[in-house]
2 protein chains.
Amino acid sequence: MNKTIENPNDPFVPNYLLYLLAAASEAASARFHSHVRTRGLRVPEWRVMACLTDTDGSMVTELARYAMIEQSRLTKIIIQMDARGLVSRRSDPKDGRRVRVFLTPQGRTLADELVADARAHELELLKSFHGGDGTEIKDTLRALIRHLESDQSGQGDNTVSLARNAETADS
Amino acid sequence: MNKTIENPNDPFVPNYLLYLLAAASEAASARFHSHVRTRGLRVPEWRVMACLTDTDGSMVTELARYAMIEQSRLTKIIIQMDARGLVSRRSDPKDGRRVRVFLTPQGRTLADELVADARAHELELLKSFHGGDGTEIKDTLRALIRHLESDQSGQGDNTVSLARNAETADS
DNA sequence: CCAAGAAACATGAATTTTCATATAAATCTT
DNA sequence: AAGATTTATATGAAAATTCATGTTTCTTGG
């Protein structure tokens, strides 16, 4: 009934949406990420593998967006994974600029295994959390992402907060 | 009504809770983080500043937990911030091992400004998102974090998924 | 009080990440 | 069809991060 009241001497950080999102992400991922490392992968590599189970053969730029990894960084990660035999890189015959990334048989085995583990982990987490399947929280997060990625309510002139600066900060 | 049905050829990544959390965190933070860089700080430095507005004078280890930064990394960040005059480090008179970190006057000015910006940005985001104050999503995230940090439903024997490995993966 | 252990930070080397930019291949322009 | 642009990826140097471990300072049991 009075959750919206903001006490001026409440701490800022633990109530800040961006912190809560980051903290929730970290906390939710911690256990699985250490499982991933156990299997000999670093987190970004796991992300690449997971994405490739969905979109095998995508080009570097697509993969970078999908896996939320900056392009030049992804290039380096992929080169390493190629050297380890987890993925292979083939340049697109239709467009010589593009490099398409594929899981190798070995890579696919590991990827499938980890995706199965991820699904199991997710199921347990959701079950132990609210006893549900996560529809609610997932829908909320998807809606938030869509909202942010679309208009982002920030290009236009409806966003004021971040345009101004020190001049008005203490007024 | 049928959100819970999982189509086996649905993509994995975009429906995976850990991905949704990470993506939501990134998407929600992107704009503000670039504002932070505009003001001459990197994201981890902003986190330190924000935490210090809540708990000025906390020791390195506490700050590391609060800001979600690994200790040795935080030490290096703090040393840089000290050199830039944003914070000062004083060893605790009661316990010589401890280093307490304080905002300098200059640091506080910047921190207060950025926290104000963060609050404004958050308000706008929440208003434009669901027209609300974020109580719902925040409560959900807090609950998730609490759940994960407490029992983590994983030390005990109720967690099976990540203990097993390749042996059972394809059975 | 002393030795052993623990706690809090710092440090260094190896590795990653970032950022700007180079290279190369398509596409467009006229 | 040559030159200008744009797109896709790679590269290199500087900076940041990680991980293991070192150093210093407390704490505790005997």
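Predicted model: local features only at pLDDT ≥ 70, side-chain atom pairs only at ≥ 80, totals over all residues.
Which residues in α2(B) meet which residues in α5(B)? Residues are numbered from 1 along each chain as its sequence is written, chains are lettered from A and ligands numbered from 1 in the order in which they are written, and side-chain values use heavy atoms, with hydrogens and water left out.

**Stop 1: α2 and α5 of chain B**

Select residues 43-54 and 105-130 of chain B, which are helices α2 and α5; helices (H or I, at least four residues) and strands (E, at least two) are DSSP runs, numbered from the N terminus. On the α2(B) side the meeting residues are B:Trp46, B:Met49, B:Leu52 and B:Thr53, and on the α5(B) side they are B:Gly107, B:Arg108, B:Leu110, B:Ala111, B:Asp112, B:Leu114, B:Val115 and B:Ala118, where contact means heavy atoms within 4.5 Å. The two helices pack at an angle of about 95 degrees with their axes 9 Å apart, which makes α2(B) roughly perpendicular to α5(B). Axes are lines fitted to C-alpha atoms, for helices over the stretch in contact, and angles run from 0 to 180 degrees between N-to-C directions; those of 65 to 115 count as roughly perpendicular, under 35 as roughly parallel, over 145 as roughly antiparallel and the rest as oblique. By class, the contact of α2(B) with α5(B) has 8 nonpolar, 2 polar and 2 charged residues (nonpolar: Ala, Val, Leu, Ile, Met, Phe, Trp, Tyr, Cys and Pro; charged: Asp, Glu, Lys and Arg; polar: the others, Gly among them).

**Stop 2: the strands of chain B**

Next select residues 87-92 of chain B, strand β2, which 6 bridges join to β3(B) in the antiparallel sense; two strands pair if DSSP finds at least two bridges between them. B:Arg90 has B:Arg100 as its bridge partner in β3(B), and 2 residues lie between β2(B) and β3(B) in the hairpin that they form.

**Stop 3**

Move to chain A, where 3 strands form an open antiparallel sheet in the order β1-β3-β2, with β1 (58-59) and β2 (87-91) as the edge strands, each pairing on one side only. Between β2(A) and β3 (residues 99-103) there are 5 bridges, and A:Val87 has A:Leu103 as its bridge partner.

**Stop 4: Met68 in both chains**

Select A:Met68, in the loop between α3 (60-67) and α4 (71-83) of chain A, where phi is near 55 degrees, a positive value in a residue other than glycine. B:Met68 lies in the loop between α3 (60-67) and α4 (71-83) of chain B, and its phi is also near 55 degrees.

**Stop 5: between the chains**

Finally, select α5 (residues 105-130) of chain A with α6 (residues 135-149) of chain B, whose axes are 10 Å apart at an angle of about 110 degrees. A:Leu125, A:Ser128 and A:Phe129 meet B:Thr140, B:Ala143, B:Leu144, B:His147 and B:Leu148, a contact with 5 nonpolar, 3 polar and no charged residues.
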